[in-house]
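Subject: Structure handover

Hi,

Here is the structure to look over. My notes follow below it.

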Amino acid sequence: MHRDLPRLEKPELFERLAHGHAARLTVVTPNRRLAHALRREFDAAQLAQGLAAWETPDILPFDGLVKRLWEDALYCDLACGIPVLLSDTQEQMLWEDAIHAARHALPIYSAAPAATQCRAAWRLVHAWRLPLDGSGEPDEDARAFLDWSSRYQRATREKHQTDSARLPEVVAPHLGHAALRKPAALVLFGVDIVTPQIRVFLESIAAHGSAVMEAMSPPVRAEARRVELTDWKEEIEVAARWARSRLEQERPGRIGVVVPDLASSRARVQRIFANVMRPDHLAAGEAGALPFNISLGRALAECPMVADALLVIDLLEHESGFEQASRVIRSPFIAGAEAEMEARARLDAWLRKRSAPGVSLDSLSSLLEAPSAPRAPVLLDRMKRLAEVRKASLFVPQLASEWAKGFSEALRIAGFPGERGLDSAEHQTLDKWHELLADFATLERVAGKMGFQAARERLRSMARATVFQPEARDVPIQVMGILESAGQQFDHLWVAGLTDDAWPLPARPDPFIPVRAQRAAGIPQADPGTSLELDRRITQGWLGAAGEVVVSHSRMRKESELAPSPLIDSIRLSPLEDLAVGRYATLRGTIRAAAVVETVQDARAPAVVEMTRPGGTGLFKDQAACPFRAFARRRLESEPLETPRPGLDARDRGNLVHEMMRSVWGRLGTHDRLTATGEAALGEILGECAEGAIRGMRGRRADALSGRYAILERERLVRLALEWLEEDRRREAFEVVALEEKHPVTFGGITVNAKLDRMDQLAGGRAIIDYKTGVCKTSDWMGKRPDEPQLPMYALGRGEDIAAVAFAVVKTGGARYRGISRVPNLIKGVCTIDKDKSWAAGRYRDWDQLVAGWRVELEAIGRGFAEGDARVDPKRLPKTCENCDQQMFCRIAEKAPFDAGEGGSESDE
Amino acid sequence: MNDALRVSDLGERERALDPALSFIVQAPAGSGKTELLIQRYLALLGRVERPEEITAITFTIKAAAEMRLRVFAALRMARHESRPHAPHESRTWDLARIALERNDALGWKLEESADRLRVQTIDALCASLTRQMPVLSQFGAQPEVIEDASALFAEAARDVIAMLEGPDKPVAADVAHLLEHLDNDAAKAGELIATMLAQRDHWLRMLGKNPDRASLEAALDEVRRATVGVALLLWPEGVDAPPEGDVEAWMALANRWLTKDGKKWLDKAAIAPAVRERDALRKAMREIGKLPPARYTDQQWEALEAIVRLAPLAAAQLRVVFAKHGKADFVEFSQGALRALGSEDEPTDLMLVLDYRIRHILVDEFLDTSQSQFQLLEKLTSGWEPGDGRTLFVVGDPMQSIYRFREAEVALFLRAWRDGIGTVNLEPLTLSANFRSQAGIVDWVNASFSRIMPLAQDIHGGAVTYSPSHAVHAAEAEAVKIHAFFDGDAAAEGRKVAEVAAAALADPGRDPAKPASVAILVRNRSHLAQILPRLREAKVKFRAVEIESLGHRPAVQDLLALTRALTHLGDRVAWLAVLRAPWCGLTLADLHVLGAVRAVTLWEALRDGTRLAALSADGRKRAERTRDALSRVLAARRRASLRDAVEGAWLALGGPACVESDTDLEDAEIYLDHLESVEAAGALADLAAFEESVAKLFALPDLGAPDCLQVMTIHKAKGLEFDTVIVPGLASTGGKDDRKLFLWMETPESSLLLAPINPAGSDGEGIYELIRGLDKRKAEHEMGRLLYVAATRARRRLHLLGDAKRDDHGAAKEPPKGSLLRTLWQVVAHEFATPGERRTASYEGGPAVPVAHQGMLRRLAIDRFDYATPAAARWTVPAETRVSDQIEFSWVGDTARRVGSVVHRWLQRIAEDEAKGWTRARIERELPAIMNELTARGVVEGDLATASARVIAALTSSLEDPRGKWLLGPQPNARNEYRVSTVIDGVRHDLAIDRWWEDLAGAWIVDYKTSGHEGADLDRFLAGEEARYRGQLERYALALARPGARRGLYFPLLKGWREWT
Ligand code: SF4
């Protein structure tokens, strides 16, 4: 019937609309956007006539009309017989239920996206009136859909519900009722595909007296041009510059830019256009009006405000990840966020060193109350109150509406949306969020009580599925996707992205409906032929939609070469110059051109005043490795943020071993005791020591050292110690005379605390021992700028007669001593310097020279620090820098080639 | 290609076009296989019912695009141009012509719908299958593809380890066992599991067979015997050998005879000379000496059992993780596609799914196929029979199989060559013509690689034999040149590369019309550290493709610092970095003033007057400038995207003025784009992961440079060709290989052997090492192929550069294991024969930072730095659009708003009836309808009773209230819910006027307000409401052009009324 409808040209349509409501004329469009565009055009025409006010024309999408008629039915005696229309959210939930119910026969990994896909198939089935009876050779997927949809249908029937896909059939039988306000004339505008559902509906509305007509924008005769650009980015940028050129003309009129696949590139397009239209918009920091509007929104869950609201709700969980909690703490959308901004940053940095990777409101509150914690009273207060709410109400399953109230209450307590003034977009976001909560509440109609997790997850997925676009001004430039462009008219139109793989769109039959049935019904997307036809019509539409039409395509995508779409490649290729596209300075380029750079020498910080430094020998280690590193770490306390991670890290495990060895030797004391202790007794001692070591660390890492893991760790410590004691047992007699002893030492004027792990009294003197669980080399003590100055510092600082320094390597399968002694054969594995195999040992004749060398080096290092030497001078490039956390501060990358192992690079020197 | 006589394999090429037969084609480098594929594609097009029946599979997206372009080009040529003369061109033209006739006859419209040519990567094919079969693939809906899923592997691995504390006891015991085996190092265990997941393509199918101890040990026995078998083959006649079956005796013998490292015979006197002189036999004995015992130890077996049970569990957990994130990696897609294609017994009928049958499959680069891709082909061709009109055509060059690290298995090619694929027999064809390289190079390659590559093919050992080529192009001078360097003289080697490259660029190309193309190919990116600086010094411009990592570029580091600083005020390193960066450039002394006190953040210090006063004058200016720029950004934090915030701050600080070159601006852009792709809701979920991902970014090639000179990895160069190819750094070794949780191998008899990782502290022994040794040999074979790929990229000249250490006598030593030079050594050793002085290496570590740079502070000269902000577009900003007047209830809460709209709707209805026939009783009868409406508007169950009571109260009271009766009753020219558009002071309004009418006495404009009010002082409340809505009614009056109309507000719930003029 479509093509036989009486036709109106647009001027005629406008004339009729101008008659006002008395004409009872309704215009339906395929989508909201086109309705909006037509409305706008009509308003402009009325204004041009000099009118100040006019009756609002009745222009709405087809769905809108059906829904309005359904509502009419609700306000008359039909009310009780008419099924309730499900919201999208409710519909989604029911589909998910149906899929879930069938999960044993039809296992799939995630029901939610499948449900979304089902809804699309469901709409298609009704729009094209496809049978749902298993005819047409359904494949497995189609059969699955049949199963799910029959469950869904049953569920809705029982509850007397319907959905938007079925609404036309619900409404059509009642069209005769007087309460359903039918227009005298119904005009289809820009409806390109009349599905059987629409057709049948129109037939019945016509049967009840509405005159159905069709209107089209008359095609504009335009000269189309085609341009080719290098890549996508350049293409969009040129389109934006073109749009700006047109905008700055005398009478800009309406400018349209079509970008296929806009959904995935929205942010990039937005930025390119904004940069062209207002080069300083990012730097200026405030959002001024921009002359373009992008037709697509983004997911509500992607709006920072909403994301943080969801994080606050997550906190009500009995445990949530530290990073999430940290984001709440630093969120600008909660109470006190401005007043306590800096305090919270400090607090968060402090927490990172102490918190477990999983936190609860209670554990957070108690950490926040610790005496050493930076103060953030508002935050603490809110956290505590939230903890109360959680205890009071969040454990039992509840109805969605009760959850909605509970969530709102929690957010209120958190002080959402914060004390910073909301801008216009945030206001709208907040409204939308409230709507979402209200929408969520209505889920009680399709779902029973749900637990906290289910409720929270549902709300989150709703926020993800809700696409939201803050309403913008009426601006001259419209950027839109392919679908939205259909039927619209412009003064200037640019269609980008028309490469052969993007346009025409590949045929995409719906996977849930037999392909044959789709083809038979004539669904355009289901068949390459019909799909091509449709896209050809759309292309024709573009070419007649504006006085100036430009189509473009790019030559490259990443490394692939592309060809123009065959649908436009007959249009003559124009050189870019013919397009009169302006060149506009970019802020980036302007700044770059203005660069004036100076280079000064700045290697020396102010001399140290406080000569006694907190912390241990690490200062000397840093200074030896790189003076800048020592300056940064030891004088500016430059350190990165930590991140609480699950499980023990290498440092924790090393600390456990240290603690284990300390307490074991604390108990044993002498080699004699060791050899005299029987296996059982020894086992007992080790067990207790391991227990103690674990207990000691559990205070801080309860999460990591509980349950079965703690048992395993205890066993490991015992195993390690046993293996180690074998090594000690083999030694000559000795007595442990010091354990974990601290002791101030001074070199080059700088005093620090040196700590040793253990000192043994041997027959031939004392040996200083340092436990190591990783790699270590005796050469780390030798040469200039020693890597491990700790033992030498201790040995020298002690001022006693030291006969040996040794690493005790405590690791599974590798227990042994390594070190240097004054005389041979003091400890197995420890030799005199002349026997040492390391490359650096050749510098030293004997022990005394080694010790003298230590003194010289350590004095020099201490002096360097004291004098403020802060040269960027890593001992070994790139090794020293690889695990250094100061790289961005010292700017090593600017100063030397830096090649970090695999995939490394070099610099621009 | 003008000399057809030199094309040695015309017969094979013609045969390959037979559309009724299936082939496997070995196509060595330069043999023009793409042309062959296209010809076959066209030949098939001429025979099918629908173009979709042919599926062509390429290895890269780029190759798919290229093949498609070339098919279209051939079709276009056949459509619009006359038949060319060159024989192979005319052949293509003929085939295209037939295809076109088919196209026209069947109405395909191929030239307009590129998508109907199914030329795609295997990943794209899998994705299209899973998209079409969401249930069979069990995805439910198409997940998003992620290329780098390592974060999700890690997440799944953590989940598995967390099962230690979980309720499932057996699983917990397995996890405990694994941890114990790994020294209770949970982090390490997590890494190993994550790595294992990345490779699940290999083992999933294998472990599905539930290997038991007996069969595994049988496989072990087989391997042990096979190892002995090698020695037996080499055993000299007449010397006593242990019995063949007594492996232990052989092992004992090997240990007696050989030194510990197996490099020398030990007990020379005791060993027969016939044995001693056979070095191959020594090597074989060495392998025997290293054999593991015949049985797993209990410890090994228990660990293996635990791992084998945990592996599928981990894979299942990974699927849960994927589903949670709505993402999947390519392996998951191919697994999904495999599931979708059904089991062997019950294959899915693709005809039903697609409505066409796949009749012909062409696979390019078949050598790069992975296990599951091979399975996919088996399933796609299941049930195919010879002569049924369906064909498979696979092409590749096993000599170019270099993607082991991406799970490609050259053995699959060899097996297909031998056995076909699934039920399809493949006729083997070997091409030999080389259209690419001049004869000098082809000859050198033939001579060298027939020695380098193994003599015998070994499917399981991944050994591919050499297949020679015949040059079509005549020989030219100076085909191959070896440049020898000594004792780690990287600088000299770098200079040489620059020199050779410059000379090659000056040399005209084969086609004199085009400039010569030159490529520098390296095995690892890190090999370029000495080369690129030399090129830059020599002012030779080049394009580096995915070579230079971005993470350490100063411009990127600065942006990273800014990102971290803006996301966390407490990130001290980042803040200090921001203050030291060129845009601020504070001196150490000034930094010390700001940063010496830890108790405050640097951001606080920046705003602390006393502290600022203590700065140097210049430092103060700098600090204040930075503070001002950042305070704007921080005030608006988390409003825009993080990327916009960072870029905004960067611009405001003058970041672009601080970079060293324009390329840095590109790098900055790549960083910012990456930031945008990672951030969610204006924040970074995991900063550490983000920083790791930044380290994996690559700089864009210098687009300003001509593409004559390209620098890339050998892997990247596959499929390309250049006039001159320079391969430096032959002596460098590859990275070390990481340990895996378990290793597996298939024995020659196709049984499976598995080995668990060795427990902590006991490396280098057992079955694990046995399999690892085999893997190493596979890797060595691949090195030969890598070299082959590099060498065969050259059309006219090949330069190879390597460095050899010299011994005390000045003779070159054999290059280190794992280096390409070692592989090449037997061919090039003589080039390194020049004796010379040994250079002594220095030990004190690597290069130092030059003294001049140690204190260098590069910064903006802020006193002289100034610019004018570029102009914004000129346009007339419209006033805020379309103020809709209907948001008045937003403050009262949702239910109240919904009650309001239902009341409005009914009042409209009643007023339309002029209140005739409306009574309290009738209203009360509407209760069910009212409840229905409230429900439809989203009022929740619990509020329904009160809400409907309110509606009824509002309606009945307006019916019973005299004012209400008057209002709703008959009035002249009345309109209800009257919609008017207007423009007032340039602002557009959409108005909906509840009720208005007009008679001779004048006009009335009335709005209903369903506000409620509890408590006293109703009048004051109403007065407040009037004030609130005055403006709105004013607009109504203006829009209706009735400035004198009387305005009224009616409050049905309160029976309240306000009027004014
Ligand atoms: S990264 Fe290197 S140069 Fe920079 S501070 Fe650390 S060690 Fe020194």
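Two strands count as paired if DSSP finds at least two bridges between them. Helices (H or I, at least four residues) and strands (E, at least two) are DSSP runs, numbered from the N terminus. This is a predicted model, where local features need pLDDT of at least 70, side-chain atom pairs count only at pLDDT 80 or more, and totals for chains, interfaces and linings use all residues. Residues are numbered from 1 along each chain as its sequence is written, chains are lettered from A and ligands numbered from 1 in the order in which they are written, and side-chain values use heavy atoms, with hydrogens and water left out.

Sheets

Chain B has an open sheet of 6 strands with parallel pairing, in the order 11-18-15-12-14-13. Strand 11 (480–486) and strand 13 (543–544) of chain B are at its edges, each with a single partner strand, so one side of each has no neighbour in the sheet. Inside chain B, strand 12 (residues 518–522) and strand 15 (residues 722–727) run parallel and are joined by 3 bridges. Ile520(B) stands opposite Ile726(B) in strand 15.

Chain A also has an open sheet of 6 strands, ordered 22-23-24-25-26-27, but with mixed pairing. Its edge strands are strand 22 (735–747) and strand 27 (830–831), and each pairs on one side only. Strand 26 (residues 816–821) of chain A pairs with strand 27 in the parallel sense, over 2 bridges. Here Ile820(A) stands opposite Cys831(A).

Chain A overall

Chain A comes to 34 helices and 27 strands. Its radius of gyration is 38 Å, well over the 29 Å that the globule rule gives for 909 residues, so chain A is more spread out than a compact globule. That radius is taken over C-alpha atoms, and the rule is 2.2 Å times the number of residues to the power 0.38. The C-alpha trace spans about 115 × 65 × 55 Å along its principal axes. Of the 909 residues, 57% count as buried. Buried means under 20% relative accessible area, exposed over 50%, and partly exposed in between (1.4 Å probe, protein chains only).

Ligand shell

Which residues surround the ligand? Among them are Cys626(A), Arg629(A), Cys881(A), Cys884(A) and Cys890(A). A residue is near the ligand if one of its heavy atoms lies within 4 Å of it. Helix 32 (879–882) and helix 33 (887–890) of chain A each supply at least two shell residues.

Trp996(B)

Trp996(B) is in strand 22 (residues 987–999) of chain B. Its relative accessibility is 8%, so Trp996(B) counts as buried. Trp996(B) and Tyr1036(B) are 40 residues apart in sequence and 9.7 Å apart in space, C-alpha to C-alpha.

Backbone points to check

Most residues other than glycine have a negative phi, and most peptide bonds are trans. The bond from Phe416(A) to Pro417(A) is cis, with omega near 5°. Pro417(A) is in the loop between helix 17 (400–414) and helix 18 (424–441) of chain A. The bond from Trp503(A) to Pro504(A) is cis too, with omega near 0°.

Lys109(B) is not a glycine, yet has a positive phi of about 55°. At 38% relative accessibility, Lys109(B) is partly exposed. Glu365(B), also not a glycine, has a positive phi of about 50°. At 15% relative accessibility, Glu365(B) is buried.

Best wishes
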